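Please keep the sequence and the model at hand while reading.

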Amino acid sequence: MNLKIKFKSSIFYALLLSFLLILLQGFTVAVVFTLTNKEHLSYAFGYLLALIIIIFKFRVTLIKDAKSFKEDIKGNVKNLVLFYIIFLLLMYCSNIILNMIVGNLATNESSIRSTFFEAPFLMTLTFGIIGPILEELIFRYPYRDIKTNKYLKFFISTFIFAFMHIIMDLSFPAVLYLIPYFFISLCVSYPFFKTGNIYTSMIAHITNNLSSFIILLIFGG
């Protein structure tokens, strides 16, 4: 039993679980796309299906985190806001500089925008709310029980999240978009690793994505 607990609190277990959850997300999206042949529907319902399965997997600790968050809303929000603003500014600055150097959007962002305009409101719900919750449970939550080296688990989680957002194009100079995505990941992951409560990073992630898509809806691409 002690060996099992030790394994579940290891970096290796967190990486393995995160990888399996990534595969699950890809599988559900692929299944829905096979059934509908619609990219926007495959994201919307594929993400939703994966989210339902993962919430069921983490249901016990998610309920505990919800109660804990409600007990100290003020403290959790305080930890969320300050560092979110700092890292967000760094992300926007690096993104602007890279846009000037590279001359186009990151491949991941370009792909999302092309899908977004097929069904703007559905995609706002998908990438603005469902997606952020799903990604926090995939890239952040598996690391919550790691007892050793909190800085290492923070870096690994942050880096993997950023890397998975540029994996579609690892050519140079597109790979440089790892930098702004790393800052985005810092924005949303720091509150979780500071408080230990996943709802802080979910709120930060939803705020970041939802505000971007609302601006896109208002002003267009």
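## Basis of the description

Helices (H or I, at least four residues) and strands (E, at least two) are DSSP runs, numbered from the N terminus. The model is a predicted one, in which local features need pLDDT of at least 70 and side-chain atom pairs count only at pLDDT 80 or more, while totals for chains, interfaces and linings use all residues. Residues are numbered from 1 along each chain as its sequence is written, and side-chain values use heavy atoms, with hydrogens and water left out.

## Asn 37, between two helices

Asn 37 sits in the loop that links α2 (11-36) and α3 (39-57). Although Asn 37 is not a glycine, its phi is positive, at about 55°. Most residues other than glycine have a negative phi. With a relative accessible area of 57%, Asn 37 is exposed (buried means under 20%, exposed over 50%, partly exposed in between, with a 1.4 Å probe and protein chains only).

## Thr 200, in helix α10

Thr 200 belongs to helix α10, which spans residues 198-219, and is buried, its relative accessible area being 0%. The side chain of Thr 200 reaches the backbone oxygen of Asn 197 at 2.6 Å.

## Phe 163, in helix α8

Phe 163 is part of helix α8 (residues 150-164) and is partly exposed, at a relative accessible area of 29%. When neighbours within four places in sequence are left aside, Phe 163 is in contact (heavy atoms within 4.5 Å) with Leu 170 and Leu 178. The C-alpha atoms of Phe 163 and Asn 95 are separated by 15 Å, the two residues being 68 residues apart along the chain.

Methods:
A polar contact is a pair of N or O atoms within 3.5 Å; within protein, one must be able to donate a hydrogen and the other to accept it, and residues adjacent in sequence count only if both atoms are side-chain atoms.
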